[in-house]
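Here are a few exercises to work through with the structure open beside you. Try each task before you read its solution.

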Amino acid sequence: MHRWQDVFRKNTGLNPYVWLVCFILPFYFIIGYSSKGYVVFGVLMIIVFFASNLLGLVMKGWPVYIWYGVQMAISILMALIFGFVYFSLFLAFFIGTIQNKAGFITLYTIHLVSTFATINYSLASVNLIVIKQLPFVLVSMIAVILLPVSTYNKNKQDALQGQLEDANKRISELVKLEERQRIARDLHDTLGQKLSLIGLKSELASKMVNRNPGRAQEEMKDVTLTARTALKEVREMVTQMRGTRLEDELFRIRQILKVADIKLLIEGEENLTGISLMAENVLGMCLKEAVTNVIKHSEASTCEIAIEPDHTELVITVKDNGKGMGDMPGRIRGNGLQGMKERLEFVNGSLLITSIEGTELRIAVPRAVQRQM
């Protein structure tokens with residue numbers, strides 16, 4: 001019995017005992033008949049209706065429509081013979097649980113027409129039982145019109161809600177995966193080069209210990225300085241993982257370029273609005289990577305950063321007057337530029353590189369459109 005309860009509750013969202021109580025009601029309409037044949041026939045119809053109802057819930061595919069057809073036939077017979085029109089209410093609710101749109105429309109139309117015709121025939125033939133309960137019959141007719149549509153829409157909404165929850169879970173997993181990849185890229189960019197340098201200098205120092213102790217000592221000082229720099233960058237990376245505003249990143253960029261003796265020119269408003277924190281964090285990381293490339297590879301004396309917001313996107317252009325990227329500047333090369341491209345793709349952004357009299361990076365992310373009230 002527990003299995004039938006689960007099936008019933010899963011398909012209808014209701015407790016099966018509520019319907020079991022309601023199924024007792026038809027016996028009231030057949031007990032008053034003196035003819036045992038009518039009583040036996042009525043009880044048999046109730047049992048068959050109940051069984052067809054359960055089979056319609058359990059089965060899948062075309063047999064479902066057969067059992068609903070049986071229920072419609074029984075509903076019509078019970079209304080014509082015993083004046084019991086309330087099976088149409090049960091049927092109206094269960095028709096609303098059909099997920100197939102074409103099947104729902106077909107059964108809904110047939111049930112509505114047959115119920116309407118049955119009630120009108122009973123009134124025309126002066127069925128006293130139906131006439132006495134006319135107000136309830138009219139309420140039932142209204143329910144037959146509205147209940148299937150209401151139930152169908154509710155089930156569709158529940159299904160869409162379930163899909164939305166699944167999609168949110170998927171997005172959450174993708175965000176975690178992207179975060180792991182981002183951390184791997186940042187660790188590579190931050191520690192990879194410096195650890196390689198530490199290894200090379202340590203190996204060189206070990207070879208120079210006996211032949212040139214002074215040179216070995218200098219190399220070990222460089223190893224110590226590089227290790228401290230790597231530690232500092234790791235700490236900065238951890239801080240960035242907690243979320244960095246663009247204006248804070250620009251403040252650090254000013255300090256870095258000043259130390260590198262590169263003139264910085266900034267155009268545009270630094271305090272951003274209408275952009276998500278995630279997109280701003282991505283912009284900050286990409287801007288840091290772009291300026292780092294200017295310092296390491298461009299041999300430039302000037303770096304220009306232009307911030308250009310509009311209604312649809314925010315564009316940041318980083319341009320230097322260095323030696324450029326040589327041939328094929330538009331090609332994404334190296335882990336740094338590839339990491340920028342992947343980060344921007346995650347927030348539906350883009351990266352465009354040109355190299356004419358220097359290098360120019362155009363970094364764009366979508367901007368939230370603010371509606372006017």
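Two residues are in contact when heavy atoms of theirs lie within 4.5 Å. Keep in mind that this is a predicted model.

**Exercise 1. Find what share of the contacts between residues at least 6 apart in sequence join residues at least 24 apart.**

Solution. Begin with the elements: the protein has 13 helices and five strands. Next, take the contacts between residues at least 6 apart in sequence; 66% of them join residues at least 24 apart. To finish the overview, 37% of the 373 residues are buried, and carbon and sulfur atoms account for 61% of an accessible surface of about 22200 Å².

**Exercise 2. Decide which stretches have a pLDDT under 50, and look up their contacts.**

Solution. The average pLDDT of the protein is 77, and 83% of the residues reach at least 70. Residues 328–332 stay under 50, yet the model gives them eleven contacts beyond four places in sequence. Residues 369–373 are also below 50, with two contacts beyond near neighbours in sequence.

**Exercise 3. Locate the salt bridge of Glu-249 and say whether this residue is buried or exposed.**

Solution. The partner of Glu-249 is Arg-252, at 3.4 Å from N to O. Both residues belong to helix α11 (residues 246–259), where they sit three residues apart, about one turn. An α-helix has 3.6 residues a turn, so residues three or four places apart point the same way. Now apply the cut-off: buried means under 20% relative accessible area. Glu-249 has 3% and therefore counts as buried, while Arg-252, with 28%, is partly exposed.

**Exercise 4. Compare the reach of helix α12 with its expected span.**

Solution. Helix α12 (residues 277–298) has 22 residues, for which 32 Å is expected at 1.5 Å a residue. From first C-alpha to last, α12 reaches 30 Å, close to that value. Just after α12, Glu-299 takes a positive phi of about 55°.

Notes:
Residues numbered from 1 in each chain as written. Predicted model: local features only at pLDDT ≥ 70, side-chain atom pairs only at ≥ 80, totals over all residues. Heavy atoms only, no water. Helix = DSSP H or I, 4+ residues; strand = E, 2+ residues; numbered from the N terminus. Buried < 20%, exposed > 50% of the residue type's maximum accessible area, 1.4 Å probe, protein only. Areas by Shrake-Rupley, 256 points an atom, 1.4 Å probe, with all protein chains shown as cover. Expected span 1.5 Å × (residues − 1). pLDDT = per-residue confidence, 0-100. Salt bridge = Lys/Arg side-chain N within 4 Å of Asp/Glu carboxyl O.
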